[in-house]
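Reader: Could you take me through one part of this model closely, with the charged side chains as the focus? I would like to see how that part sits within the rest of the chain.

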Amino acid sequence: MKESTFRYYPNIYADEALVHADGVCQCCGKKVHEYTEFMYTEENVDCICLPCIRDGSAVVKFQGEFIAAADWVSYPAKREELFRRTPGYISIQNVVNIIMREG
């Protein structure tokens, strides 16, 4: 199987950001062998395949984003690709931001 690539996360396979197990993508319904368990959304999401992230369909379906805390990106196409079509990861700063936002 061909590895997925992301411009703003080129080392996704080296970082242990993916789950390498059998699952069913909650966006497209396909059986997958690698996926991400995390997305900033109100929905309970724990299995999203990389093609659904890359093409933006997961963001549309779950009304969320993959990156929570990053500097503002002024170019709309780059902002779209970074926040909505690039897998994210959980960091302590993101957790603090969520806790503060939810009060």
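Author: Happy to! Arg7 is exposed, with a relative accessible area of 57%. This is a predicted model, so everything here is computed from predicted coordinates. The partner of Arg7 is Glu81, and their side chains meet in a salt bridge at 3.6 Å, N to O. The two come from distant parts of the chain: Arg7 lies in the segment before β1 (23-24), Glu81 belongs to helix α3 (residues 76-84), and 74 residues separate them. In general, side chains of opposite charge can pair when their charged atoms come close.

By the rule used here, the count comes to two salt bridges. The other one joins the side chains of Arg84 and Glu80, at 3.2 Å from N to O. Here both residues sit in helix α3, four residues apart, which means about one helical turn lies between them. Arg84 counts as partly exposed at 27% relative accessibility, and Glu80 is likewise partly exposed, at 31%.

Now for the setting. The chain has four helices and two strands, and along the sequence they follow the pattern β-β-α-α-α-α. Of its 103 residues, 37% count as buried. Among contacts between residues at least 6 apart in sequence, 40% join residues at least 24 apart. The chain exposes about 6,900 Å², and carbon and sulfur atoms supply 51% of that area.

The largest nonpolar core holds 21 residues, and the members touching the most others are Ile48, Cys52, Ala58 and Phe66. Two elements give two or more residues to this core: α1 (50-54) and α2 (57-62).

Methods
Residues numbered from 1 in each chain as written. Predicted model: local features only at pLDDT ≥ 70, side-chain atom pairs only at ≥ 80, totals over all residues. Heavy atoms only, no water. Buried < 20%, exposed > 50% of the residue type's maximum accessible area, 1.4 Å probe, protein only. Contact = heavy atoms within 4.5 Å. Areas by Shrake-Rupley, 256 points an atom, 1.4 Å probe, with all protein chains shown as cover. Core = buried A, V, L, I, M, F, W, Y, C linked by side-chain atoms within 4.5 Å. Salt bridge = Lys/Arg side-chain N within 4 Å of Asp/Glu carboxyl O.
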